[in-house]
Amino acid sequence: MKPLQQLLRPNILALKPYSSARDEYTGEEGVFLDANENPYNAPYNRYPDPHQRRLKRRIAAFKGCESDQLFLGNGSDEPIDLLFRAFCRPGTDNVVAIDPTYGMYQVAAATNDIKVQQVLLTKDFQLDVEAVLAAVDKQTKIIWLCSPNNPTGNCLRNEDIERVITGFEGLVVVDEAYIDFAPGRSLLPRLQEFPNLVILQTFSKAWGMAGLRLGMAFAQPAIIEVLSRIKYPYNLNVLTQQKAMDLLEQNQQEVAQWIELLLAERSALAQELQKLPFVSLIHPSDANFLLIRTPNAKAVYQHLINQKIIIRDRSSVSLCAGCLRITVGSPEENKQLIQALQAYK
Ligand code: PMP
């Protein structure tokens, strides 16, 4: 890996972070007259902990890493944007990303005036390692990978990811938003081995907290420190921090049960979908959604919309002609979906 000083934008390297009112005093008791808050309407009158110390300790213990290897954001969309802003000089630097993949890498790149060199996955949605590394040039700062990938649903092979990480001198981001549905596949236990690896995970999927917005980035402390310096001081609100603590302390077993149920429902749903004459292929999934192929994707999509069942038409995405992406719902929701599809002519 290149020294971090060479990878970072010079202005970010020089930046002095905002010092918030509660940086100097970390005690929980006291008469707080430092932040121009209102003394009434507790507990929402107080700014949240900008460093999220308690929650970070809790999540780090759960994930088996250190607090200083963890960044918490307003969804994982926040670290996606921050990584562009910290490392890529607008109009000059570029990134490499797989195609197809999650659309926000493109949006964040465009917002920051960064070019994305897209590299097609193979036909079975795996990495073309040589092509990914060949797309790198002097201005490439980050390679974006996603495993399990969205919208294809499959995990990339870890040995391929590893070849990309070790074959590139900049950062490699592996977005593991769906990793809780693919036990044993995360690269997190190997974080220490790769100084240029950034792993993204989220509470939005398996943890059922999409509405509260809590995402995670794991990396070596020096990278985490940079993201923390440029984030909004109070990026995680009081409710999000509290609800995540509650979930981790009281509902871990329930979350494990949700995952088990959703995986069983995914198999059942795939079996039912297979029986439909107009479904030509169901791609193997390591996530909580299925990507299916049909000759009449737009018509099937519209048929479902007419019955207020919303899925995702991915038929215009690279390698995904005729593809629809279906999230695995509750047993009742999945039944409704199958019934609606059985009525399609
Ligand atoms: N990464 C991937 C691959 C996703 O599919 C999504 C959400 N659809 C996200 C990140 C963003 O998740 P969050 O809710 O944590 O911002």
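I began with helix H11 (residues 297–306), which lies across E10 and E11 and runs at about 35° to E11; I take helices (H or I, at least four residues) and strands (E, at least two) as DSSP runs numbered from the N terminus, and angles, from 0 to 180 degrees, between N-to-C directions of lines fitted to C-alpha atoms, for helices over the stretch in contact. The model is predicted, with local features needing pLDDT of at least 70 and side-chain atom pairs counting only at pLDDT 80 or more, while totals for chains, interfaces and linings use all residues. Residues are numbered from 1 along each chain as its sequence is written, and side-chain values use heavy atoms, without hydrogens and water.

I then traced the open sheet of 4 strands, whose order is E8-E9-E11-E10 with antiparallel pairing (two strands pair if DSSP finds at least two bridges between them). Strands E8 (281–282) and E10 (312–313) stand at the edges with a single partner strand each, so one side of each has no neighbour in the sheet. Helix H10 (residues 252–274) packs on this sheet, touching E8, E9 and E11, and makes about 15° with the direction of E9.

Next I looked up Phe 125, which sits in the loop between strand E3 (115–120) and helix H6 (129–134) and is buried at 3% relative accessible area (buried means under 20%, exposed over 50%, partly exposed in between, with a 1.4 Å probe and protein chains only). Beyond its neighbours within four places in sequence, Phe 125 has contacts (heavy atoms within 4.5 Å) that include His 283, Leu 291, Arg 293 and Cys 320. Cys 320 is itself buried, at 0%.
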